[in-house]
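Visitor: Can you walk me through this one? Keep it quick.

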Amino acid sequence: MNIHEYQAKAILREYGVPVSQGAAAFTPEDAVSVANELGGPVWVVKAQIHAGGRGKGTFKEPQAGEQGGVRLARSMEDVRNFADQMLGRTLVTHQTGPDGKTVQRLYIEEGASIARELYLSALVDRGSSRIAFICSTEGGVDIEKVAAETPEKILTLTIDPAAGYSPFHGRRIAFALGLQGDQVKQCVKLIGNLYRAFTEKDMSLLEINPLIVTEQGELRCLDAKVNFDDNALFRQSAVSNLRDIDEEDPAEVEASRHGLNYVKLDGNIGCMVNGAGLAMATMDIIKLYGAEPANFLDVGGGANKEQVMNAFKIILSDKAVEGILVNIFGGIMRCDIIAEGIIAAAKEMDIRVPLVVRLEGTNVEMGKQMLSDSGLAIIPADDLADAAQKIVAKVKEAA
């Protein structure tokens, strides 16, 4: 689960992490009010969307002289004008895709005097089962570009959760960032507080770009991007309350209401599978045979008839879908129950795209017989390769 920058900074502030003062604004009047409370003489007006690259982003139907989704205001008039120009408009960045995201809220923050810009992030390293901190002296720019062109400027340090954070971790990061004197002490404290926030809040990603050194020699987190582990939200009620469903894909939101795991992709073959591993294999084999999956959809191990029907509705809500591949292994889930759901969905929704179904496992013969007796244009498949070949061929034939 993602949250907005101002929400992330509020959490970090609770853990003693140095961040600039600021508050959210939903109207131009709110923006001016927040700026007045902060005092001056400089404020930063930031568009709040769940995507990076806002400063370099562009608005659809751009107006002359626009500066992207992060702007420096030097007067109350600037604050009001920038807020009026951003709110309600669509911001396009390298992470939003061409459709962009609508700006529905802003973050008004006090300005900062910047001497240096650094990069810092933390994430779960599944390879080592540790928490990895990544830092670089090249902050404020695309870290992917730094990694590709000058990887020697990036340090990765892992912390074993069993042992926990120790000051030497912070000192090593401080030295890698070229910090000196009191800044080293600040860094040791900062990394410790970030590690505590990361583990206690069940974060999966914490990115600060840039981490700045002010002209007064103080470390400050000028930006904050935080993702949380969805599987841990049951014990993070305060975090769950920060969810902004307006920033999420409507189909993904609808899927979550029915206990389905759905992620929209860019292809044209819809997939309905039970089990994440089988879903990944299904998407891979579709690509192997020359097509692209339109989604990841895992109905889980115990889906019922209603969930199967809802899964079909969600898949078909994507206008790009030109064919559907159902790949079910009946373990806990029975194939006859899946067949019943497929038949009901096909009749109710009048599915007009090719539908290939591969069933295997518990009550498989019963499920196949039900599909055969339904009188519907359902194409059976013997195995996964056969299923992928058939759906790809049918979609190309229809095209």
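Visitor: Which residues does UniProt list for "binding site"?
Guide: The unreviewed UniProt entry lists Asn-209 and Asp-223. Positions follow the numbering used here, feature names are shortened, and annotations may be inferred rather than shown by experiment.

Visitor: What should I know about the model itself?
Guide: It is a predicted model: local features need pLDDT of at least 70, side-chain atom pairs count only at pLDDT 80 or more, and totals for chains, interfaces and linings use all residues. Residues are numbered from 1 along each chain as its sequence is written, and side-chain values use heavy atoms, leaving out hydrogens and water.

Visitor: Where is Asp-223 found?
Guide: Asp-223 is in the loop between β12 (219-221) and β13 (225-228). Asn-209 is in strand β11 (residues 203-214). Strands (E, at least two residues) are DSSP runs, numbered from the N terminus.

Visitor: What does Asp-223 touch?
Guide: Leaving aside residues up to four places away in sequence, Asp-223 touches Glu-5, Lys-9, Arg-54, Glu-207, Ile-208, Asn-209 and Pro-210. Contact means heavy atoms within 4.5 Å.

Visitor: New topic. How many disulfides?
Guide: The search of the whole structure finds 0. A disulfide here needs two cysteine sulfur atoms within 2.5 Å.

Terms used
Helices (H or I, at least four residues) and strands (E, at least two) are DSSP runs, numbered from the N terminus.
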